[in-house]
Amino acid sequence: MSTLRSLLLLLLSLCPGPGPGPGSEAKVTRSCAETRQVLGARGYSLNLIPPALISGEHLRVCPQEYTCCSSETEQRLIRESENTFRGLVEDSGSFLVHTLAARHRKFDDNPDPGGCPSLCAGPGDWKNCGQRSA
């Protein structure tokens, strides 16, 4: 879960705030130096990250305002997020599958202790439990 959180925080860092407009020049850092530093430390090529804010109108996930996120960066972030999410689901699903399998085996070995001992021939014979023998 912390990996997913770090990816979300990384996406937020790509959105420096409102784009340049009337009166907003003082609020916006026109440089993408911090984003370049963070993504560079994660192994991204600095050629994929613009040195200054660009329009994000063409982007699907990254902010569509002025941003430090290029199309290539967005695609790589999408792939990383999908892989992280898939890994988390597989880990959780794997735990659930193993838990259910273990409980199923335990039930197979002892289907109903005390419920119908005279009708069940023995452990593992749950198919005939509850049926009278002829």
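**Disulfides and nonpolar core**

The torsion about the S-S bond of cysteine 62 and cysteine 69 is about 50°, so this disulfide is right-handed. The model is a predicted one, and it holds two disulfides. The other link, between cysteine 32 and cysteine 68, is left-handed, with -90° about the S-S bond. A disulfide is a covalent bond between the sulfur atoms of two cysteines.

**Cysteine 62 and cysteine 69**
- The sulfur atoms of cysteine 62 and cysteine 69 lie 2.1 Å apart.
- Cysteine 62 and cysteine 69 are buried.
- Cys62 and Cys69 also belong to the largest nonpolar core.

**Cysteine 32 and cysteine 68**
- Cysteine 32 is joined to cysteine 68 by a disulfide, with an S to S distance of 2.1 Å.
- This pair links distant parts of the chain, 36 residues apart.
- Cysteine 32 sits in the loop between α1 (2-13) and α2 (33-41), while cysteine 68 sits in the loop between β2 (66-67) and α3 (71-109).
- Cysteine 32 and cysteine 68 are both buried.

**The largest nonpolar core**
- Seven residues make up the largest nonpolar core.
- Besides Cys62 and Cys69, the members of this core are Leu39, Tyr44, Ile49, Leu59 and Leu77.

**Contacts of isoleucine 49**
- Leaving aside residues up to four places away in sequence, isoleucine 49 touches Thr35, Arg36, Leu39, Tyr44, Cys68 and Thr73.
- Among these contacts, Leu39 and Tyr44 are members of the largest nonpolar core, as is Ile49.
- Cys68, another residue that isoleucine 49 touches, is the disulfide partner of cysteine 32.

How values were computed:
Residues numbered from 1 in each chain as written. Predicted model: local features only at pLDDT ≥ 70, side-chain atom pairs only at ≥ 80, totals over all residues. Heavy atoms only, no water. Core = buried A, V, L, I, M, F, W, Y, C linked by side-chain atoms within 4.5 Å. Buried < 20%, exposed > 50% of the residue type's maximum accessible area, 1.4 Å probe, protein only. Contact = heavy atoms within 4.5 Å. Disulfide = S-S within 2.5 Å. Helix = DSSP H or I, 4+ residues; strand = E, 2+ residues; numbered from the N terminus.
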